[in-house]
Each structure stands twice: as C-alpha cells, then as structure tokens.
Amino acid sequence: MKAVRLEATGKLALREVEQPEPDIGELLVRVDACGICGTDRHLFLGEFPSKPPVTLGHEFTGIIERVGEGVSGFRAGMRVTGDPNIACGHCPECQRGRVNLCHNLQAIGIHRDGGFAEYVCIPQQQAFELPSALDPLHGAFCEPLACCIHGVDLAEIRTGSSVVVLGGGVIGLLVVQLARLAGATNVVLLTRSEEKRALAEKLGATASADPSTADIVARLTAADGMLPGGADVVIECAGVAETIEQSASLARRGGTVVILGVMPQGVKVAIEPFDLLFREIKLLSSFINPFTHQRAADLVASGIIKVEPLISRRIGLAEAVEAISNPARKGEIRALVMPSID
Ligand code: NAP
C-alpha cells in the first residue's frame, strides 16, 4: 500500500510499504480521510519530536477492514474515528486520571504509523464508532474537535457568558461553535482574514474583528466597546506571540484565559504578572483530548458541529507530501488527504 513516510527531519516521501496486520486487540482501518494539521508540518521540520521512519497522520477516519484477535464490539464494515493519543495507563499521571499528561504518551501518526496511508492499524480502545451514513470525510474532524472540547471544558463557559476566540483556523472555528453550544451569548472571533471572519459569523460568532488593528483591545473592552470590561473567557487558538500577549487584556476582571495554541518550544512571550494578579485572571493551558474523543464523535455524528465549511481542499497521498512540506496555502482552513484520490 501507499503511505506518506517521514524518513528523517525534512525528508518526507510517498512510499510503497507492506499493508499492516492487526495485532491482538487491534483494528485494521481503510482510511477515508486524514486531516493535515499544523503539527504534521512541525514534525516535518523537526520542531516537534517524533520517531522516524514513521507514517504521519493523526486526524484519520475510515472503515474497519479487519479486526485482530480478541477484539470485541467492533467488526469489519464499521465507520470509525481514531483517537491518536495512547496513554500508558500506569504512570503517576494516568493513575490520577490525567491521561493527556501521561509520561509515556505515544501518538499514532507521530510515534507509530498513522493515517496518511491506505490503511492504519489502531488499538481498539483508540477507536470510536461513527454512523455508517455519515459523510466519510467528517470523522477527520473528531480529533481536533476533541482537543477543543477539552479547552472549552477548562474554560467553564456558562449560559450567558461572553467569549473571545483568537485565531480563525480549524481550532478557532470549532471553539466558536462549542462556545455557542456551551451557552455563550456573545462570541467574538478575532482573526486577520476577512473570509475567516465571515465564516466564523456563519458558524455562530456574534461578531468578529481583526486582532492586528491598533485599537483592538479598546474596541472590545471599552465602556462603549463590543464587550465592555472584557470577556468572561478568552480562548487563544492562534499559537502566536501577539495573540497570547493580547489574551489577558481582553479578559474581564476575574476572567479566564485558556491557551490552546502551540508555540515552538523555547519561545517566550511578554506577560504582565501584576495585571494577572491585580485583575485575578485565571491563565490556563489545554493539551490534547483527555476522555473527550467520544463526545467529539457524538457531536460530529449529530451534525450539530459544522465541519463541511472547514474543508478547503481534498488531495491524494502524492499531493500530501508537497502539502505537508510547505506552509498551509493562504486562506486554507483544512486540507484533507483522501487515499482514494490518485
Ligand atoms: P491554523 O489553521 O494555523 O490557524 C491559526 C490561525 O491563527 C490562522 O488561521 C491565522 O488566521 C491566525 N493567526 C496567525 N497569526 C496571527 C496573528 N499574528 N494574529 C492573529 N491571528 C493570527 O491552526 P489550527 O489548526 O487552527 O490550530 C491553531 C493552534 O492550535 C495551533 O497552534 C495548533 O498547533 C494548536 N493546537 C493545539 C491543540 C491542543 O491540544 N492544545 C490541538 C490542536 C491544535 P489569520 O491569518 O486570519 O489571522
């Protein structure tokens, strides 16, 4: 079968490899779609640790082709989404129920072969069933959605809350939808692209603005601004210094800031502890998807979360090599790799 292999930092290639065999307790999944995430580009550039040679792709969905010995509850023909993050279950953090902080965390598509391939093998506990009638591509959004659910859980959005979301990529646009579902009345999306702002408003944002304009904090938080006094919750989904630095100043006194965006290791940003303390801002960070993949699968299956507008292009495995090796195209939200495309 064909697979997109990371052979070393900066060396990505489409290769012919053996079709994997499901081990005891594993499922062999024929991949329908796998999203290209910023992390795949970081892995290619060596900015995120991985274990080459490895097939990349951690946002996959497909149909079970065959089940290994000892599998129960799954059978060939079922549509599934995979949670790529495998916790060990016995380290101190797993024992405390903090599986996303597992000391021995292994990820499908990072440490073991993933979904930019015709087939992927996954342990059955990482699989979640999706309705057979679901659009075959939509399950590829379960993984990013599961990460957003964790962030929104941490933010403790309440009915009537006001929320600012920074960043209009997949993560920001999913968080906007989750914030509305959680009961937020005002959800303001800040992103530079006009198209993404327009899309955010279609998906439920009550307003949007460009965060790079000089008076943005005043436009939001001033007495006559969009959210006088600031937002109850600010969720950073861009992963850039400017927006991380902006986040606290957009929160009201006693408000909560959740950082979902990932910045390169070692990079520092300017934060004013006095301001955090004086206004008692809760500054939280949210890492991956502890126990949220089932909820993501249910939300995608229900159609309540709109994912179709987030698909910018559909490409085959050969084109995926070029797409992962380069920055995302201007305006692109999510490129989906479909092994069925030649
Ligand atoms: P993305 O598609 O790159 O979206 C980021 C958005 O941020 C872009 O659309 C961009 O929109 C905006 N942006 C970039 N620079 C900006 C700036 N200087 N000021 C304002 N906005 C700026 O990425 P994504 O897939 O949505 O992911 C977002 C972040 O979440 C990434 O850092 C990713 O690594 C991280 N992430 C975290 C987790 C987790 O578990 N915590 C899980 C998945 C992803 P404009 O060009 O319109 O401004």
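Predicted model: local features only at pLDDT ≥ 70, side-chain atom pairs only at ≥ 80, totals over all residues.
Figure 1. Gln19 sits in the loop that joins strand E2 (11–16) to strand E3 (26–35). Its relative accessibility is 34%, and Gln19 therefore counts as partly exposed, a class that lies between the limits of 20% for buried and 50% for exposed. Leaving aside residues up to four places away in sequence, Gln19 touches Met1, Leu28, Arg66 and Tyr119. Thr221 is 202 residues away from Gln19 along the chain, and the C-alpha atoms of the two residues are 56 Å apart.

**Figure 2. Helix H1 and its packing partners.** Helix H1 covers residues 38–45. Thr39, Asp40, Arg41, Leu43 and Phe44 of this helix are buried. Strand E1 (2–8), E2, E3 and helix H10 (317–325) are the elements against which the buried residues of H1 pack. Gly46 follows H1 and has a positive phi, near 80°.

**Figure 3. The two assigned domains of the protein chain.** Domain 1 is made of two segments, 2–136 and 307–341, whereas domain 2 is given as 147–285. Taken over C-alpha atoms, the centres of domain 1 and domain 2 are separated by 29 Å. Contacts between the domains involve eight residues of domain 1 and eight residues of domain 2.

**Figure 4. The shell of residues around the ligand.** The ligand is surrounded by 24 residues, of which Thr191, Ser193, Lys196, Ser286 and Ile288 are the closest. Sorted by class, this shell contains eleven nonpolar, nine polar and four charged residues.

Figure 5. Helix H4 (170–181) and helix H7 (241–247) are the elements that give two or more residues to the shell around the ligand.

Terms used:
Residues numbered from 1 in each chain as written. Heavy atoms only, no water. Near = heavy atom within 4 Å. Helix = DSSP H or I, 4+ residues; strand = E, 2+ residues; numbered from the N terminus. Nonpolar A, V, L, I, M, F, W, Y, C, P; charged D, E, K, R; others polar. Buried < 20%, exposed > 50% of the residue type's maximum accessible area, 1.4 Å probe, protein only. Contact = heavy atoms within 4.5 Å. Domains from an automatic or database assignment.
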